[in-house]
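Let's take a walk through a protein model and pick out a few spots worth a second look. Keep the 3D view open as you read.

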Amino acid sequence: MTRWSLQAVEKAAPDAASLAAGRRLATPGPWSEVGSTDSLVWGRCQGSGRTPYQVSIDLTGPAYRCSCPSRKFPCKHAIGLLLLWVRGDGAVADAAEGPDFASSWAQTRAQRAAERAGERATGTDKPVDPEARARRVEDRIRLMDAGIAEFALWLTDLVRAGTVQAKRRPLSWWDAAGSRLVDAQLPGLADRVRDLGSQVNRRDDWADHLLDQLGLCWTAVKAWERRAHLDEVTLADLRVFLGWPTATDDVRGADAVEGRWQVLGAHRSLDGRLQQQRTWLRAVDSGETVLLLDFAPRNGPLPAARLVGSVLEATVARYPGSWPRRALFATEPAVVSTGAPLPAGSTIDDALGSSASALAANPWTPRVPAVLDRAALATDEVVDPTGTAIPLLPVEDAWTLAALTGGRATTVFGEIEEGGFRPLTIDLDPVGEVG
Amino acid sequence: MSGGLGVDAWWNGLGSAALVGTGRREVPRPPDPLSDRVVARAGETSSEVSLLDALAVGTALRRGGRTGRHVPDSEREAAAEPDRLPLAPATARQLLDLLLTQSPVGPRLTPLALGVWLREAARAGVRVHHASLVPLLTAATATPELRESVVPVLDNRGSWLCSRNPAWSWVHAVVPDARAGDTADWASSSTEVRSSLLRSLRRTDPAQARDLLDSSWTTDPAAARADLLGTLETGLSLDDEPLLERALDDRAAGVREVAYGLLDRLPGSARAARLAGLLGGLLSTSGVVRKKVHLELPREPDAAAVRDGLGKAPKGRSQRGLWMERIAAGAPLETWTEVTGVDPVGVVRSLEDRDALRGLRWAVLVRRDADWARALLDVGWDAALVGLLPPDDVARRVLDRLEQVTTLHEYAATLRLLPPPWSAEASARVVKRLAKLDPSALGTADLVTVLALSLHPSAAPAVQRLAATSEGGRLTPLQHLVQYLSLVPTITEAFR
């Protein structure tokens, strides 16, 4: 396994405080018995206690273990050790195999993973009872039916009384509607309604935003009523909007493509209590772009972000639905190369066009990926060579992007969302620094 | 969309209906091409449902129909000009990244190490890499001491970047520009603005600054006169004497005090000569081989002497003591030696009057007289006076003094007087003394900063031994110091 980038370690940290604490530990001083193999990094860290903490990191997971009592995960010791390791200055030497405390843990983990994979493959341990499953689906649909009907009433009541009155409602009113949707197994709608409650109080354009959301929700209500007539793809899109998940095991078996995938870019966001990591992959052969989604609780660890520009060899299974499709790795990906440049892109008009086609197929599409050619990142918009501009959506490293591009045109990858553009990756070649 | 409403107008109409509710306003009809699809069912459904139907279609149209805005060429933002300086060498760039993201020397010493890096970069005439601009500017925003040395390594890209972020506007303020303030606005400016204008003007054109001050002297209130008169300290010369003489007659005591303090700095002034006359009358000697100097207490002052500062003493202060101090502070130092024929060492040794000594010390300080400073230091340690001696002398006296201090606090205060950079020998003595003073109490990381700035690299092993004896697995300030001492040569090396 290649050494991680500094960025990857930073993204593995659960929060800024842990990262800062990790940085303080990223000096050889407190460490002993450190080393690394292809898949393991380990060491002992002298903390405030008498015995040093044993830290092991399984890079394939990645998974972390440390004997310290911290509830942060990974803890500062693991972060510190990773920081020391990525520096690559020999402080963490390469070794053929790890010490007992690290290898035995990794072995147990690998064994368990293999067992789980075996279960999936043979299905022996958990025989699927098709009848029971059908019964469960029926129950769920009954609940959802009732929930949707009640939600339709709630929507009509809202527009009858007027949106001004809705804006005056306390957050608890929106929350109550959200809770009823959760009970009806419609978590997607529930999150949307709760979020709407805070958005109408926060946004200047709350009236338009509320109308848009009402329109989208009503579309879903109407689509659910006509679900018997929908094709499978649209039905899948609707399920995502309502929050009826597709089991990963079902995805894994179904629509898998083996091949090489380039990591175009990634974005992390915090939505309420949940962190989300979006990673966009592009099939080197077909050019299709798919989306990997990872979730973690607010303070939990997200899997380390895949290095942007790397090409992975993997079997990628796609969820049902229309473009851009969500996907997952059906096999553990292997890094084939790194530093691939972004593929050729389009103008902003073309990108908006493909966003429109995506919306035509799936009116709930939240965002689509886009590579823009020779685009310049201005202060608050992105401008292409034809002079067309759309607003930039806020990103954490906006200033770094500005520093790297200097306002010059370059290939940029990002997401088109609500008519704006969120830059995620820039191609540095045309503006690169001659080192 | 001929004839009918456009989508936008329709959507706005839907918005108005939705705001007050369908109970009170009718749902507008959609524009023509849509009307047969959306309205077909309208007759059979309630107005709430037709509004929601319309919103569903409307939002799909709006979301799918988004377009960009056209930016005319004239509105295009200018991109950064190409950089002019060559890029810093790769090793140096790695070191900078290390300092910015995971500094091995602790938060106190990191700005110092960055300072070393930046100075070396400026000396080598190179710029930083673009990826380091944001963390570097962020660091310098938090640590203003770094700002001046950050500016030369930013190059065009960095300065372009700063022009876009108000948080980094200090970059353009640091760049020395001739905007010393506007003399035209003198009459309408506040005292603070005038005072900073005068201070900077005194450095380049003291006469113009004085003329400005003079121009409003008769109309300014007393507090402003006192403040502004104080700015004459910069670039003070005998040319300022007429104005200062006038200030001696000022109604306000505060203004007169400022004038005494400034005239004390001018031993060639008429007031100094007048006070020399008074002092001469008080001095006498006895003995032949080893003359002893005697000093009488001043007599009741005449009107001229009162004008020169021999006024009424504040409550609790001896009247004659104040006069004595004022005379000693204002008279030329030569008066003491010329009248008595005794050298400074002899004068100081025989002086017992505390007020006279206080005045004399003040005169020595403001006139920066090394001979007299040495004479005063012979009778007692005085940190302020040490600074008046030539560097070698300072080093000798400070190192001797270090042997006598008993607390870490005194040690730190004394160490600050040792002119950097310290020689290998001086550094060794400094560390040796520290070892005897319980360095584990070195929580005052401030001292570590002083050590880091000035210690000779050859002292690193000694500090290392000291750091090793201090307890705990945590990185102590001393261990950070060890890291720092080994890092600095690496930085210098990286630019070779």
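P324(A) sits in the loop between β8 (311-318) and β9 (325-329) of chain A. Since this is a predicted model, everything here is computed from its coordinates. The peptide bond that leads from W323(A) into P324(A) is cis, and its omega is near -5°.

Chain B has a cis bond to show you too: the one from P420(B) to P421(B), with omega near -10°. Look for P421(B) in the loop between α23 (408-415) and α24 (424-436) of chain B.

Back in chain A, Q185(A) has a phi near 60°, a positive value even though the residue isn't a glycine. Q185(A) is found in the loop between α7 (171-183) and α8 (187-202) of chain A.

Chain B has a mean pLDDT of 87, with 92% of its residues reaching 70 or more. Within chain B, confidence is highest in helix α12 (residues 241-248), at 95, and lowest in helix α2 (residues 32-39), where the mean is 66. Over residues 175-180 of chain B the pLDDT is below 50, and this stretch has three contacts in the model beyond near neighbours in sequence. Where pLDDT is low, the predicted coordinates should not be read in detail.

## Helices that pack in pairs

Now for some helix packing. Two packed helices are described by the angle between their axes and the distance between the axes.

| Helix pair | Angle between axes | Distance between axes |
|---|---|---|
| α14(B) and α16(B) | roughly 120° | within 8 Å |
| α19(B) and α20(B) | about 140° | 9 Å |
| α22(B) and α23(B) | about 180° | 10 Å |

Take α14(B) and α16(B). At that angle they are oblique to each other, and α14(B) passes α16(B) in a left-handed crossing. On the α14(B) side, the residues that meet α16(B) are R271(B), A272(B), L275(B), L278(B), L279(B) and L282(B); their partners in α16(B) are M324(B), R326(B), I327(B) and G330(B). Sorted by class, this contact has seven nonpolar, one polar and two charged residues.

How do α19(B) and α20(B) lie relative to each other? They are oblique, and their crossing is left-handed. L357(B), L360(B), R361(B) and V364(B) come from α19(B), and they meet W372(B), A373(B) and L376(B) of α20(B). The residues in this contact are six nonpolar, no polar and one charged.

The pair α22(B) and α23(B) is roughly antiparallel. Here V398(B), R401(B) and L402(B) in α22(B) meet E410(B), Y411(B), T414(B) and L415(B) in α23(B). That contact has four nonpolar, one polar and two charged residues.

## A bridge between the chains

Last stop: charges. Side chains of opposite charge can pair when their charged atoms come close. Over all chains, the structure holds 54 salt bridges. Which residue of chain A forms a salt bridge with R63(B)? The partner is E418(A), and the closest N and O atoms of the pair are 3.3 Å apart. This pair crosses between chains: R63(B) is in helix α3 (residues 47-64) of chain B, while E418(A) is in the loop between β14 (410-417) and β15 (420-426) of chain A.

Definitions and conventions:
Residues numbered from 1 in each chain as written. Chains lettered and ligands numbered in written order. Predicted model: local features only at pLDDT ≥ 70, side-chain atom pairs only at ≥ 80, totals over all residues. Heavy atoms only, no water. pLDDT = per-residue confidence, 0-100. Helix = DSSP H or I, 4+ residues; strand = E, 2+ residues; numbered from the N terminus. Contact = heavy atoms within 4.5 Å. Axes fitted to C-alpha atoms, helices over the stretch in contact; angles between N-to-C directions. Parallel < 35°, antiparallel > 145°, perpendicular 65-115°, else oblique. Left-handed = near helix turned anticlockwise from the far one by under 90°. Nonpolar A, V, L, I, M, F, W, Y, C, P; charged D, E, K, R; others polar. Salt bridge = Lys/Arg side-chain N within 4 Å of Asp/Glu carboxyl O.
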